[in-house]
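Open the model in your viewer and keep the selection tool ready. This tour visits a cavity, then a pair of helices.

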Amino acid sequence: MKKIIIASLAISLAGPVMAQSAAEKSGVNSLIGVAPKTEDFVQEAATSDMFEIESSKLALDRGDAATKTFAQQMVTDHEKTSSKLKALISAGKVKAQLPSAMTSAQQDMLDKLKGLQGDDFIKQYHSDQESAHEDAVDLFKRYGEGGDNAELKAWAASTRPALEHHLQMAKDLNK
């Protein structure tokens, strides 16, 4: 019985896991500080940008003045990082496929935001932004320090300071 379970687990982990390794998807890589595989980094970075852009567009309609200012910068900056990532892939410098949609967890967060108004929306948006940017800083730090694609590694390292600034801005909104 033990062998069947181990074999089943091995088969399920060996197969494609929605183009993301089990260690990255489960958060194990982050906990131990290991750089993600290139494909995982691309998936995470691209879906993170998608969430930032879509949630921030919503905040442009529903937020207060400070939230709208922050949201506009998120839309502008994350559209720019999305374009740069797409350019690296289109030029053949990075061998990975861009995702066509956010993760289900990100979509759930966005759906929750869509159901909120006023102070409830603002509080949730601010909280989501802080959490998303903590994850992004960690992701870009790990890939920038230990990634296996030189061009993508350099891009991750050069992008990280902007993400750290976004994180500080999100923390300031939450005060």
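Start with α4, which gives the most to the lining of the largest cavity, with 3 residues. Helices here are DSSP runs (H or I, at least four residues), numbered from the N terminus. This is a predicted model, where local features need pLDDT of at least 70, side-chain atom pairs count only at pLDDT 80 or more, and totals for chains, interfaces and linings use all residues. Residues are numbered from 1 along each chain as its sequence is written, and side-chain values use heavy atoms, with hydrogens and water left out.

**The cavity**

Select A45, S48, D49, H78, T81, A136, F140, T159 and L163. They line the largest cavity. A cavity is a set of points on a 1 Å grid, over the protein atoms alone, where a 1.4 Å probe fits but cannot get out; lining residues have an atom within 4 Å of a point.

How many cavities of 30 Å³ or more are there? The count is 1. The volume of the largest cavity is about 40 Å³, taken as the space filled by probe spheres set on the points, which are joined across faces, edges and corners.

Now color α4 (38-62), α5 (65-90), α7 (118-146) and α8 (150-173). Each supplies at least two lining residues. The lining holds 4 nonpolar, 4 polar and 1 charged residues.

**The helix pair**

Keep α5 and α7. Their axes (lines fitted to C-alpha atoms over the stretch in contact) come within 12 Å. They cross at roughly 40 degrees, an angle taken between N-to-C directions on a scale from 0 to 180 degrees.

Next, select T67, F70, A71, M74 and H78 in α5. They meet I122, Y125, H126, Q129 and H133 in α7, with contact meaning heavy atoms within 4.5 Å. This contact has 5 nonpolar, 5 polar and no charged residues. In these counts, Ala, Val, Leu, Ile, Met, Phe, Trp, Tyr, Cys and Pro are nonpolar, Asp, Glu, Lys and Arg are charged, and the others, Gly among them, are polar.

Conventions:
On a 1 Å grid over the protein atoms alone, a cavity is a set of points where a 1.4 Å probe fits but cannot get out, and a pocket is an open set with protein on both sides within 12 Å along at least five of seven lines; lining residues have an atom within 4 Å of a point.
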